[in-house]
Amino acid sequence: MVRNRCIDYIRKSESIKTLHDSIAPCQGKNDVECTFISAEFETWLMYKITLLPKKSRIAFEY
């Protein structure tokens with residue numbers, strides 16, 4: 001079980017890194033594409049937060 005959780009974590013962290021890499025060039029810029037990417041990331045993040053178990057979600061929101 002621990003092995004599978006570790007594999008899941010690595011897969012998720014790789015997808016987050018890919019998303020972060022797409023946002024990183026936008027830091028310090030203020031153009032339409034960067035605004036769109038930032039809004040898309042925020043939507044994705046809020047969706048993922050809603051998928052957390054209740055106690056984890058509450059801890060994250062604090």
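Colleague: Hello! What makes V32, F36, T43 and L51 of α2 count as exposed?

Modeller: Welcome! This is a predicted model, and exposed here means over 50% relative accessible area. V32, F36, T43 and L51 are exposed, on the other side of α2.

Colleague: The other side from what? Which residues of α2 are buried?

Modeller: Those are C34, I37 and I49; the word buried asks for under 20% relative accessible area.

Colleague: How do you know that the buried residues line one face of the helix?

Modeller: Look down the axis of α2: its buried residues fall within an arc of 110 degrees, so they line one face.

Colleague: And how do you know that the span of helix α2 agrees with its 20 residues?

Modeller: At 1.5 Å a residue, residues 32–51 should span 28 Å, and the end C-alpha atoms are 29 Å apart, so the two agree.

Colleague: Stepping back, how many helices and strands does the chain have?

Modeller: There are three helices and zero strands, giving the pattern α-α-α along the sequence. Of the chain's 62 residues, 8% count as buried.

Conventions:
Residues are numbered from 1 along each chain as its sequence is written. This is a predicted model: local features need pLDDT of at least 70, side-chain atom pairs count only at pLDDT 80 or more; totals for chains, interfaces and linings use all residues. Side-chain values use heavy atoms; hydrogens and water are left out. Helices (H or I, at least four residues) and strands (E, at least two) are DSSP runs, numbered from the N terminus. Buried means under 20% relative accessible area, exposed over 50%, partly exposed in between (1.4 Å probe, protein chains only). The expected span of a helix is 1.5 Å times one less than its number of residues. The arc is that of the directions from the helix axis to the C-beta atoms.
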